[in-house]
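Welcome! Please take a look at the structure below, and then we can walk through some of its features together.

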Amino acid sequence: MHRRSFLTQSLSLPFLSALPTLQAAAVTPPLVLGAAWYPEQWPESRWDEDLKLMEQAGLRMVRVAEFAWSTLEPREGQFELDWLEQAVEMAAKRNLVTVIGTPTAAPPAWLTQKYPETLLTEANGRKAEHGNRAHFSFTSERYRQFCARIAGVMAKRFGGNQNVVGWQIDNEYGRTSNDDFTRMQFQAFLKDRYKTLDALNEHWTTAYWSEAYTDWSQIPLGPSGNPGLFLEWKHFISETFRTYQHVQVEAIRAHAPKRQFITSNYMGWYDSFDHYILAEELDMVSWDNYVGRGHLDPLRNGIVHDLTRGLKRKNFWLIETQPGFVNWQEVNNALDKGEARAMAWHAVGHGADCISYWQWRSALNGQEQYHGTLVGADGTPVPMYNEAAQLGREFAQVGGALGGTEPVSEVAMLHSYDSRWAVNFQRHNRNFDPVALLGSYYRPLRRMAQQMDVIHPMAPLNGYKLVVAPALNVLPEPMAKHMEEYVRQGGHLVLGPRSGMKDEFNSLWPMRQPGPLVDAVGARVEQWYALDEDVPVSGPWGTGKATMWAEQLKTRTAGVEVLMKYGASNGWLDDQPAVVSRALGKGRITYIAALLDDALMAKAAEWMLRLSGVKPALGPVPDAVEVCRRTGGGKDVYIVINHSKAEQRVVLPRAMRRLLAGGAAVSLVNLPPRGVEVLSV
Amino acid sequence: MHRRSFLTQSLSLPFLSALPTLQAAAVTPPLVLGAAWYPEQWPESRWDEDLKLMEQAGLRMVRVAEFAWSTLEPREGQFELDWLEQAVEMAAKRNLVTVIGTPTAAPPAWLTQKYPETLLTEANGRKAEHGNRAHFSFTSERYRQFCARIAGVMAKRFGGNQNVVGWQIDNEYGRTSNDDFTRMQFQAFLKDRYKTLDALNEHWTTAYWSEAYTDWSQIPLGPSGNPGLFLEWKHFISETFRTYQHVQVEAIRAHAPKRQFITSNYMGWYDSFDHYILAEELDMVSWDNYVGRGHLDPLRNGIVHDLTRGLKRKNFWLIETQPGFVNWQEVNNALDKGEARAMAWHAVGHGADCISYWQWRSALNGQEQYHGTLVGADGTPVPMYNEAAQLGREFAQVGGALGGTEPVSEVAMLHSYDSRWAVNFQRHNRNFDPVALLGSYYRPLRRMAQQMDVIHPMAPLNGYKLVVAPALNVLPEPMAKHMEEYVRQGGHLVLGPRSGMKDEFNSLWPMRQPGPLVDAVGARVEQWYALDEDVPVSGPWGTGKATMWAEQLKTRTAGVEVLMKYGASNGWLDDQPAVVSRALGKGRITYIAALLDDALMAKAAEWMLRLSGVKPALGPVPDAVEVCRRTGGGKDVYIVINHSKAEQRVVLPRAMRRLLAGGAAVSLVNLPPRGVEVLSV
Amino acid sequence: MHRRSFLTQSLSLPFLSALPTLQAAAVTPPLVLGAAWYPEQWPESRWDEDLKLMEQAGLRMVRVAEFAWSTLEPREGQFELDWLEQAVEMAAKRNLVTVIGTPTAAPPAWLTQKYPETLLTEANGRKAEHGNRAHFSFTSERYRQFCARIAGVMAKRFGGNQNVVGWQIDNEYGRTSNDDFTRMQFQAFLKDRYKTLDALNEHWTTAYWSEAYTDWSQIPLGPSGNPGLFLEWKHFISETFRTYQHVQVEAIRAHAPKRQFITSNYMGWYDSFDHYILAEELDMVSWDNYVGRGHLDPLRNGIVHDLTRGLKRKNFWLIETQPGFVNWQEVNNALDKGEARAMAWHAVGHGADCISYWQWRSALNGQEQYHGTLVGADGTPVPMYNEAAQLGREFAQVGGALGGTEPVSEVAMLHSYDSRWAVNFQRHNRNFDPVALLGSYYRPLRRMAQQMDVIHPMAPLNGYKLVVAPALNVLPEPMAKHMEEYVRQGGHLVLGPRSGMKDEFNSLWPMRQPGPLVDAVGARVEQWYALDEDVPVSGPWGTGKATMWAEQLKTRTAGVEVLMKYGASNGWLDDQPAVVSRALGKGRITYIAALLDDALMAKAAEWMLRLSGVKPALGPVPDAVEVCRRTGGGKDVYIVINHSKAEQRVVLPRAMRRLLAGGAAVSLVNLPPRGVEVLSV
């Protein structure tokens, strides 16, 4: 029911399509190092000095123009693109390909001043003001017309440019607006979706608190309280950003050949909209990966890479990452020396084909003066420059070996925005964080299996030996069928607590949890309990604790195995089933009814992997060492990273070639602190 | 000066009064178990199944319609009450009497859309929106007309219905509005009260900060800063809700015979308005008792029962309580198995004649999907159902023995909203919580005396051996006279810190504390001190600490006994009187000038009770055991509750009958964890 | 570029200037005790009783009328000043001189009701309401006209009054407004300052995020994000308050002879505006010194006295201070007995010539009922009265000895509002508090040297042996020149971390830190690091830790001494310089690149003082004892205060006279707890 086009006025773009060119297209290396560069902030006389320093550090890509609207269109309808073409040419001379961003995250002052309807309205009812970014209204039709025009003008000029290899649309969108026009569009969206108010009233149970609507115009802007309305509000936001993005895709593709990719930079767990829907139209997803405060936690960061890779189930670009430190945390500490390099290889291991630093150099004034860079205020290298240069050399060295490869996994974790939204809207236990729940499964499974995909529940599952679905609170019928089919065909499906509680309207499934999978599991949840105190759990996995959440299960058919039980606690849970498992068809389905402590979760992961026949990609390694495998085109490459500050030794299962050390074959590697090896079979 | 009628447009209600009926009126049991039921959320075909399950659990009452406005009046002036009559009849067939709520806490969308002046304005100036509840403006005359009409239409239909035993007006009111119309009404209220601006300016000392008003229209909506204005703002809110309630009382009483009670459900300590004023017009008070997070603390909860009982100085109904857990806390843990039963008996012990669960079954969608219920989303019992059923059996068993009884006490605690508001508005020490102060007296006194009334300071006092007034910061002259008279007639009055600091205008009494009681006490407060560090206190009660607050007393007449003194601390308090006591007339008056630590407070309570000749109702019991006594009509019943998870033994002062065990006489009872005994002499 | 007059409509004031008088002018004692007195809150019949009690306590000054506008001008244009003249006369009869406050901090209700444009608009867009104070708009021209008129009327009446010794303008101003008129004035201010948008766009680097302005009217009200805009917003506020104050200075001076001083009461570290700019036009600065919660910390409080004294580099008045306690803290504890006296002498030691308590007596109603006073609600003394009376006697005793003296110092600390604003706007480490940074230098230096000036960086420096500039983040070229000149002439300048990072537009200096002083220091900062973990530092000062912030220095010329180095930490800082020092011209310049822990900072201070030849004013004293020296007119007086609760012994370097003990000569003094000695050579 997504993907409606009511917002997408198919814009007639009267620009000519790109003319053929005789130049040879610039080649993007298989593994590319880059940086965000803002030539508009500096005199042209300075540009080559910057580009030369980039080239010397092994950078091969610059990302430009994403906030340059006021320079590209200094007055309405007056376009100035020569400077940008000049920048692209100068970059090309220094062996740098260019990715162009559309500047729509930063409307010029003349635009919002003349057309104030393009400004967003805050939750408190106030109009946003010029002076920052992303202050446009996501529903404004006027704004979309301006976006289409500037994107079209740029694409017309650069669609044929051989040194421009791709396009980035806007920047980190997601801010919504609370104005009357948005409200009308939301109401139109609902009308399109439900057809009748009777249907809407029924699905939202509006008899409750006299919420019943007798006119579409009565419906408030979400989130206002009703879970049904809230979920549709998120669907509306997703659909609106889809069409917002689509307008620019259309404007660019009118002039840009297929060899120029179109991407947009997303933000990991950020959940303002459903990223699966928006990723569909892009050629490639990219994301902005910032540690912020503290240091790299490879499992915490790795799951986000895998989530992002799962949006399109293919490799991605790290189009922004921090050269040392950021400027928007409470304490903006720097990564340790060597840590940024390890972090870059970690990203490559999870499927990144590009590492691009934000930013090359700081503007002398403006909101991000304090952000980390590769050169200082005077334009000469800061200490971090050398670490980037090392990466530049290494990427050149092993890029060929990694070209065409990607991570593969026999284990998948299912993830859906609807379920995260639903639980976050009604946590019931404020500590119940659906992202943390996903992490509690990811950490032991990734560590033991050295592999993991994170995908949409409707993605093909048949290639996987094990599929975990720790947090599918919203479980529509077709999704349940798809998952049950996977089990019947021989897969092992593991469900977590709160699974299958809601239908697609955020309404309670009347059959209790796990809703449409009750029959498949052969058990149901009698009652859920938010926990203020831990509850003991024991069984074949050992003894441990349920924390925050525990459900009282009851088996309903023969052959359902009760694996774990609760111990004495609140009286209700005492001696009740906590985990059940059942063979079904050629496969197996398991329901874990509580949040388990880390040690018990590790036992559970061990059990799942053993039962499903999943083995570690490389073999046993020390805890501080991460293994990432990329394969494809007959290649089989292992990236092995020591994330600790102590030396680590890894015994290899067989002789392998050390690609960063000239290809020498070894059967054992010693990794210095934050050390990296790229090994090939 | 309360009870003005300027807001009460005496509405002419053109409805006929209820016709006489030949049916026999249904009888409400003396002790009744019930639940909130929302038939409008379900198909009629489902109703009898629900009612049958209720009957089987021993429920004898359903509470309906409180949020059903959009079903009762789906379009302006179009009333549909047949379904409700059908529900009442079906309930009656299952032996359930009905309490009908007026649905005015949840205006339909058509109403607020067509008449936006009925919506409240938030403190930030924004109009509330449809989609939640209690979003009406408490001053709107238009809204009151709609309320009167729907209440009248319902009363006309059900006033003669023998199965309808009572009415509940609205639900948990108290939200205020910050619109211009409210401001005008507040100004009119002040004009009515003060007559002249000179009087107002003088009582509020508006020479201060040039606040002086030269026109009534200049007066801002409170709370704006001046303590005088703030207190009147609270008086205005109380008066406005009184008339808001009155409009519905009048509309109902036009059709409802006296055998149908009128109540409204209040919320314990909630202090948006003065509950004594609103309770006056009701036949009975009821309240919504939720533990929320954590577990039952019987002394913390008992004081609220006693406060509620004190509103009308008679028994009350627990018209909402949690079947296990709620959904609006940060962690919504469940009560332990058996705890809800103990909590129900605890309420009965403090004067509740009805325990009604909220709610029977959750709507499939809507804001409270996660709240505890007695049946699940599929309409079959959840585990809590059985515990309710046990209560149903027990209430049937001993209802007769408790009918016509109520708690009685020789000890009273005085409580006033003016004083709580005044102190909370200017705490001076942020930790000085007037409710906590009341609790610090209540806890040891209730535990030792096994009895306590909490009443308004102007209530009759002559029946009490001991009256404590820990927190009467606002002490008008007539109140002081009333209390002094009690002392002179032989009572023992104990005052706490900050007593008698203010007059009824929240202005400082110029004679210092305790204001009009300075002469009676024979001492005054030289200076108050908010404490950042504890101060030692010692004397006949032993040695302990003053915390948060200490006043330096000075005796002014002979015969005043200095009981306790401060030790070395800030220099000012060193060796100064902390507690003084004086025989006056036939009685005694004591002033405790500091907040004392718990151990010292226990010694003080012991001293008060001993001096006043108060003995425990039943006699010594273990700490974990609570004793409640109800008497009346020659009956004398003790409810004895073990609130701990360990078995407790209680030796009785004489042989008593175990009413829950068939009436066997015993002189000792062993209470299992969370066990309850109902004993009769 | 400050001091523009665009806001100052030079008002034509048609009032006659003050007529000559034959009365002898009342003499203000050299050391004066006073109190804020509000006769308008009380009947005239009470006044003499209050004044008599003041006289008995040795008070010699009353401060009146600061909030009395509604009494002075009860209706527009109707002035009533007779009562005030009567109050001044009655005070004179009790030997009290008068300081008159203009009442402009508290506009009457009739004024803001009739001219709503005089009300400020909050950050959330709402108009302020009558009922509190300081709710006027600081840019309103209408409001300034009313201020000029009331000030002029008062000055005309009291300019010739011999008992009126001075004027206080308004009260604690600083609240800003967010209305459209203010925005227009801000834009006009910017146009006046930058002349062209090109200049503004360049200095603010508005190419960043497409912020570029093409019309002055597009510029938002700061603070909106851009550091350049933010800093100008603060400059605009300062300039606007300067002209706001100027309007009243002008109106008063038209009638008031020079012997009547003009002051305004400021608030220590409060940084809404640049106090140096506003202090310029005043004859004397005064400030409101409240400990609030807790107790006097003499070093924390002393730096504020020194800061305030530095505004005009002359003595000041403590025009408000707490008689025991305040009413606006979370816990309003009282100062210990004797502590207020010690605090008064501490202020005198730092240059206060007047201690004036706020307030004499509390209004019976109004926002500050709970504030400390000298008499109670009944008008008789509270315990604090006696302590004030002791001060009254002492001031009379030693006033002559202190008349004409002031603190002098060989050590100065530089302080600028631009730098504090810039760092607070972008702390990068949320714990990096520029005021705390100043304190970390002040504490050890003041304790060891027993002297300190805190002055503007452009103040004359040549008299100082040591100048520390711990926090000059914004360092314009002329300031750098001025400081370098000081060094070349033989001074020792010590810079702290983040020095010289920005120019006057809050733009990064392209030469990196310390900007225009890079060459003078002979080193620069390669990279700054916000620290999440401490970093070891060691060298000749010993071993310690850098906390919160550390910069990696690199020397650039020969002869730069690396004093301290970082130890192993984040890899980047390991073994890098942390402190460098260089002889330059006849002097020395030192750069400390990190925040050091207290112990190491003490070592640094010792090094600085030793190297600069600064010795303690009196000689060694116990830690709990503070020494303050005041000299002038051949006098040399030491105020020695024991701030602890234990007795302290001080051996004097030679025989001195105990002025509070009749002038006996001693060579050793024993100070009781909170004891004070005033010693003269």
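Predicted model: local features only at pLDDT ≥ 70, side-chain atom pairs only at ≥ 80, totals over all residues.

Residues are numbered from 1 along each chain as its sequence is written, while chains are lettered from A and ligands numbered from 1 in the order in which they are written.

**How the chains are related**

Let us begin with symmetry. Chain B is superposed on chain A by a rotation of 120° with 0.0 Å of shift along the axis, and the RMSD is 0.0 Å. That is the relation of a three-fold axis. The superposition is by least squares on the C-alpha atoms of residues with pLDDT of at least 70 in both copies. Which residue of chain B comes closest to the rotation axis? It is B:Asn124, with its C-alpha at 4.9 Å.

**Where the chains touch**

Two residues are in contact here if their C-beta atoms, placed from the backbone, lie within 7 Å. Helices (H or I, at least four residues) and strands (E, at least two) are DSSP runs, numbered from the N terminus. For residue classes, Ala, Val, Leu, Ile, Met, Phe, Trp, Tyr, Cys and Pro count as nonpolar, Asp, Glu, Lys and Arg as charged, and the others, Gly among them, as polar.

Between chain A and chain C, 46 residues of chain A are in contact with 43 residues of chain C. On the chain A side, helix H2 (69-72) and helix H4 (109-114) are the elements that give two or more residues. That side is made up of 17 nonpolar, 19 polar and 10 charged residues.

Now turn to chain B, where 46 residues are in contact with 43 residues of chain A. Helix H2 (69-72) and helix H4 (109-114) of chain B each supply at least two residues to the side that touches chain A. Only 2% of the interface residues of chain B are also interface residues in chain A, so the copies meet through different surfaces.

**A pair of helices in chain C**

In chain C, the axes of helix H14 (residues 434-449) and helix H17 (residues 598-612) come within 9 Å and cross at roughly 55°. H14(C) and H17(C) are therefore oblique to each other. Among the residues that meet are C:Leu445 and C:Met448 in H14(C), and C:Met601 and C:Leu609 in H17(C). By class, this contact has eight nonpolar, one polar and one charged residues.

Most residues other than glycine have a negative phi, and most peptide bonds are trans. Here are some exceptions to look for.

| Site | Feature | Value |
|---|---|---|
| B:Trp358 to B:Gln359 | cis peptide bond | omega near 0° |
| B:Gln513 to B:Pro514 | cis peptide bond | omega about -10° |
| B:Glu172 | positive phi | near 50° |
| C:Asp170 | positive phi | about 55° |

B:Gln359 sits in the loop between strand E9 (352-357) and helix H12 (384-402) of chain B. B:Pro514 is in the loop between strand E13 (492-495) and helix H16 (518-521) of chain B.

B:Glu172 has 18 C-beta neighbours inside 10 Å and so counts as partly exposed, whereas C:Asp170 has 22 and counts as buried.

Key. Buried ≥ 20, exposed ≤ 12 C-beta atoms within 10 Å, placed from the backbone. Axes fitted to C-alpha atoms, helices over the stretch in contact; angles between N-to-C directions. Parallel < 35°, antiparallel > 145°, perpendicular 65-115°, else oblique.
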